[in-house]
Amino acid sequence: MKAFLISDNHDTLVLMRLAGIPGVIAHGSDETAEAVDKALKDRNLAILVITELAAESIPERIQNLRQRESLPLLVEIPDRHGTRRDSDFLSHYVREAIGVKME
């Protein structure tokens with residue numbers, strides 16, 4: 001089983017390659033969707049890592065991947081500029097998923 005990165009910038013790609021995770025750079029929704037399709041064809045893929053900015057370009061596709069019950073596990077990571085999410089994104093995610101407000 002292996003991991004693969006889809007990044008919107010070169011710095012993140014280089015860092016992940018140093019950690020042993022191959023990947024590609026994709027800009028815009030078309031390139032990102034093509035990169036996801038190509039990555040999903042690999043039957044040995046266990047973790048698909050995608051930068052937040054790249055994920056924002058294909059929100060419906062990302063939502064569908066999150067709802068799958070099979071591999072690969074989807075992991076969104078911030079890039080060198082930091083996270084694009086609100087400070088309470090995890091509480092919002094839990095509230096949306098199971099209807100429980102965490103404080």
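What follows is a walk through the structure above, from its overall layout to its salt bridges and one of its pockets.

This is a predicted model, in which local features need pLDDT of at least 70 and side-chain atom pairs count only at pLDDT 80 or more, while totals for chains, interfaces and linings use all residues. Residues are numbered from 1 along each chain as its sequence is written, and side-chain values use heavy atoms, with hydrogens and water left out.

Start with confidence. pLDDT is the predictor's confidence in each residue, on a scale from 0 to 100. The protein chain averages 86, and 79% of its residues score at least 70. Among the elements, strand β2 (residues 23–25) has the highest mean pLDDT, 97. Helix α5 (residues 89–98) has the lowest, 64. Where pLDDT is low, the predicted coordinates should not be read in detail.

Now the layout. The protein chain has five helices and four strands. Both are DSSP runs numbered from the N terminus: helices are H or I with at least four residues, strands are E with at least two. From the N terminus on, the order is β-α-β-α-β-α-α-β-α. Of the contacts with a separation of 6 or more, 60% are between residues 24 or more positions apart. A contact here means heavy atoms within 4.5 Å. The chain has 103 residues, and 33% of them are buried. Buried means under 20% relative accessible area, exposed means over 50%, and partly exposed lies in between (1.4 Å probe, protein chains only).

Which side chains pair up by charge? The rule for a salt bridge is a side-chain nitrogen of Lys or Arg within 4 Å of a carboxyl oxygen of Asp or Glu. By this rule the count is three.

Take aspartate 42 and lysine 2. Their side chains meet in a salt bridge, 2.8 Å from N to O. The pair links distant parts of the chain, 40 residues apart: aspartate 42 sits in the loop between α2 and β3 (45–51), lysine 2 in strand β1. Aspartate 42 is partly exposed, at 25% relative accessible area. Lysine 2 also counts as partly exposed, at 42%. Arginine 43 lies in the loop between α2 and β3. Arginine 43 is exposed, with a relative accessible area of 79%.

The next pair is aspartate 37 and arginine 61, with a salt bridge of 2.7 Å, N to O. Aspartate 37 is in helix α2 and arginine 61 in helix α4, so this bridge ties together parts that are 24 residues apart in sequence. Both ends are partly exposed: aspartate 37 at 35% and arginine 61 at 26%.

Glutamate 76 and arginine 66 form another salt bridge, the closest N and O atoms being 2.0 Å apart. Glutamate 76 belongs to strand β4 and arginine 66 to helix α4, so the pair ties together parts that are ten residues apart in sequence. Is glutamate 76 buried or exposed? At 17% relative accessibility, glutamate 76 counts as buried. Arginine 66, at 38%, is partly exposed.

The loop between α4 (59–67) and β4 (73–77) holds proline 72. A cis peptide bond joins leucine 71 to proline 72, with omega at about 10°.

The C-alpha atoms of aspartate 11 and aspartate 79 are separated by 8.2 Å, though the two are 68 residues apart along the chain. Aspartate 11 is partly exposed, at 37%.

Last, the second largest pocket. A pocket is an open set of points on a 1 Å grid over the protein atoms alone, where a 1.4 Å probe fits, with protein on both sides within 12 Å along at least five of seven lines; lining residues have an atom within 4 Å of a point. The volume is about 150 Å³, taken as the space filled by probe spheres set on the points, with grid points joined across faces, edges and corners. Which elements supply at least two lining residues each? They are β1 (2–7) and α2 (28–40). The largest share, five residues, comes from α2. The lining includes Lys2 and Asp42, the partners of the 2.8 Å salt bridge. Phe4, Pro22, Val24 and Leu45 are also among the lining residues. The lining divides into seven nonpolar, no polar and five charged residues. Here Ala, Val, Leu, Ile, Met, Phe, Trp, Tyr, Cys and Pro count as nonpolar, Asp, Glu, Lys and Arg as charged, and the others, Gly among them, as polar.
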